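Subject: Structure for you to look over

Dear colleague,

Here is the structure I said I would pass on. Please open it next to this email and read the notes below against it.

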Amino acid sequence: MLEYQLTTHSYDDTEKLGEQLSQLLKIGDVVVLNGDLGVGKTTLTRGLARGFGIKRNVKSPTFTLIREYKDGRVPLYHMDAYRLESSPDEDLGFDEYFNGDGITIVEWPQFIKDEIPEEHISINIKRLSDTERQVVIKLHGEKFTDRGFGELV
């Protein structure tokens with residue numbers, strides 16, 4: 001597993017990081033975002049969406065579970081599994097997204113950890129101050145090796 005660590009210094013930096021990451025992702029990739037409430041998971045996703053050419057405003061899917069954005073160069077599926085913490089196990093069709101025609105972003109992945117594909121990208125965001133964030137990117141799988149993630153740091 002490869003791991004990269006960097007620091008963003010503002011909301012705009014976090015969004016720009018997402019935009020840079022979008023250039024390294026391919027159809028079928030799954031990115032899981034970990035971090036406390038308000039740390040910037042959706043902000044990073046907004047940058048990803050902008051990098052894919054998505055014009056719609058990206059909002060947290062907390063109350064809808066999944067938001068689909070299909071107006072960019074690739075479909076983006078933005079999931080928030082937080083509300084599944086107390087839900088019984090049931091088939092919600094995650095495989096269709098994880099193995100589908102787009103890129104899937106999952107916030108609060110610990111609540112569906114058994115559903116997450118073995119090959120995925122894990123991004124942990126930690127608040128260092130009001131504006132600074134520590135971002136740790138972990139690549140789980142060989143398919144990410146030669147994509148240039150090291151150039152982000």
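The notes below go through a helix, a strand, the salt bridges and the aromatic pairs.

This is a predicted model, in which local features need pLDDT of at least 70 and side-chain atom pairs count only at pLDDT 80 or more, while totals for chains, interfaces and linings use all residues. Residues are numbered from 1 along each chain as its sequence is written, and side-chain values use heavy atoms, with hydrogens and water left out.

Helix H1

Helices (H or I, at least four residues) and strands (E, at least two) are DSSP runs, numbered from the N terminus. H1 has 12 residues and covers residues 11–22. From its first C-alpha to its last it reaches 17 Å, close to the 16 Å expected at 1.5 Å a residue; the expected span is 1.5 Å times one less than the number of residues.

The buried residues of H1 are Thr14, Glu15, Leu17, Gly18, Leu21 and Ser22. They cover an arc of only 150° around the axis, which puts them on the same side of H1. The arc is taken from the directions from the helix axis to the C-beta atoms. Strand S1 (2–8), helix H2 (41–51), strand S6 (120–127) and strand S7 (133–140) are among the elements that cover these buried residues, where contact means heavy atoms within 4.5 Å.

Aspartate 12 also sits in H1. With a relative accessible area of 46%, aspartate 12 is partly exposed.

Strand S5

Strand S2 (residues 30–34) pairs with S5 in the parallel sense over 4 bridges, and valine 30 stands opposite threonine 104. Strand S4 (residues 76–80) also runs parallel to S5, joined by 5 bridges; there, leucine 76 has isoleucine 103 as its bridge partner.

Salt bridges

The whole structure holds 5 salt bridges, counted when a side-chain nitrogen of Lys or Arg is within 4 Å of a carboxyl oxygen of Asp or Glu.

Arginine 50 and glutamate 15 form one of them, with the closest N and O atoms 2.5 Å apart. Arginine 50 lies in helix H2 and glutamate 15 in helix H1, so the pair ties together parts that are 35 residues apart in sequence. Glutamate 15 counts as buried at 11% relative accessibility, whereas arginine 50 is partly exposed at 37%.

Aspartate 29 forms a salt bridge with arginine 147, and the closest N and O atoms are 2.4 Å apart. This pair links distant parts of the chain, 118 residues apart: aspartate 29 is in the loop between H1 and S2, and arginine 147 in the segment after S7. Both residues, aspartate 29 and arginine 147, are buried.

Glutamate 68 and lysine 70 meet through their side chains at 3.5 Å, N to O. Lysine 70 counts as exposed at 54% relative accessibility, and glutamate 68 is partly exposed at 31%. Elsewhere, salt bridges that share partners join Glu15, Glu19 and Arg50 into one network.

Aromatic pairs

Rings of Phe, Tyr and Trp (its six-membered ring) pair if their centres lie within 6.5 Å; planes under 30 degrees apart count as stacked, over 60 as edge-to-face and the rest as tilted. The count comes to 3 aromatic pairs. The rings of tyrosine 77 and tyrosine 97 have centres 4.9 Å apart and planes at 70°, so this pair is edge-to-face. Tyrosine 77 lies in strand S4 and tyrosine 97 in helix H3 (residues 94–98), so the pair ties together parts that are 20 residues apart in sequence. Tyrosine 77 is buried at 4% relative accessibility, and tyrosine 97 is buried at 16%.

Regards

Note on methods:
Buried means under 20% relative accessible area, exposed over 50%, partly exposed in between (1.4 Å probe, protein chains only). Two strands pair if DSSP finds at least two bridges between them.
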